Amino acid sequence: MSQSYNRGLIEDFGRWKEFSAGMWAWIFHKFTGWMLIGYLFTHIAVLSTAIGAASGDAALIQQETDVYTTTIQGLESLFIVRVLEVGLLAVAVFHILNGLRLLMVDLGVGLSAQDKSFYASLVLTGAITVASVPTFMYGVGF
């Protein structure tokens with residue numbers, strides 16, 4: 001006969017306060033992974049506007065190149081797109097750094113400092129993201 005374990009109420013949203021750094025690292029890693037997958041599909045959808053250029057007709061290629069270039073330039077001129085690009089960088093950098101942290105843990109390196117390495121990956125992600133803001137925002141009027 002199996003024993004039951006009281007896991008608490010699923011509706012008890014106050015339990016997030018009890019999460020350790022490892023749980024937050026897991027949540028952030030899963031979230032950033034899903035965000036990157038969503039971006040990948042969106043990116044492919046936008047880039048697919050240039051697919052017709054493979055037909056070989058020079059006029060069609062030039063017309064679709066113009067449409068593609070105009071679309072990209074129009075998107076890049078929007079402030080919100082620039083902000084979303086900074087967010088994409090933050091998501092990608094955190095996912096990469098946390099992935100490296102997980103690799104080290106799996107290899108047995110730094111097992112005793114998992115919390116510190118998680119916080120270090122957050123700080124490094126923040127530093128890289130903040131340092132990149134001028135690059136992404138250049139040319140956009142505030």
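Reader: Which is the crossing of H1 and H3, left-handed or right-handed?

Author: A crossing is left-handed if the near helix is turned anticlockwise from the far one by less than a right angle, and right-handed if clockwise; in this structure, H1 and H3 cross in the left-handed sense. The model is predicted, so to speak of local features requires pLDDT of at least 70 and side-chain atom pairs count only at pLDDT 80 or more, while totals for chains, interfaces and linings use all residues. Residues are numbered from 1 along each chain as its sequence is written, and side-chain values use heavy atoms, without hydrogens and water.

Reader: How many helices and strands does the protein chain have?

Author: Helices (DSSP H or I, at least four residues) and strands (E, at least two) are numbered from the N terminus; here the protein chain has four helices and zero strands, in the order α-α-α-α from the N terminus on.

Reader: At what angle do H1 and H3 pack, and how far apart are their axes?

Author: Axes are lines fitted to C-alpha atoms, for helices over the stretch in contact, and angles run from 0 to 180 degrees between N-to-C directions. For H1 and H3 the angle is about 130 degrees, with the axes 9 Å apart, and the two helices are therefore oblique to each other (under 35 degrees is roughly parallel, over 145 roughly antiparallel, 65 to 115 roughly perpendicular, and the rest oblique).

Reader: What angle is found between H3 and H4?

Author: Helix H3 (residues 79-106) packs on helix H4 (residues 114-137) at about 155 degrees, their axes being 9 Å apart, which makes H3 roughly antiparallel to H4. Their crossing is right-handed, and their contact comprises 16 nonpolar, seven polar and three charged residues (Ala, Val, Leu, Ile, Met, Phe, Trp, Tyr, Cys and Pro are nonpolar, Asp, Glu, Lys and Arg charged, and the others, Gly among them, polar).

Reader: Where does leucine 88 lie, and how exposed is this residue?

Author: Leucine 88 belongs to helix H3 and is partly exposed, at a relative accessible area of 22% (buried is under 20%, exposed over 50%, partly exposed in between, with a 1.4 Å probe and protein chains only). Leucine 88 and threonine 129 are 41 residues apart in sequence, yet their C-alpha atoms are 9.6 Å apart in space.

Reader: What share of the protein chain is buried?

Author: Of the 142 residues in the protein chain, 16% are buried.
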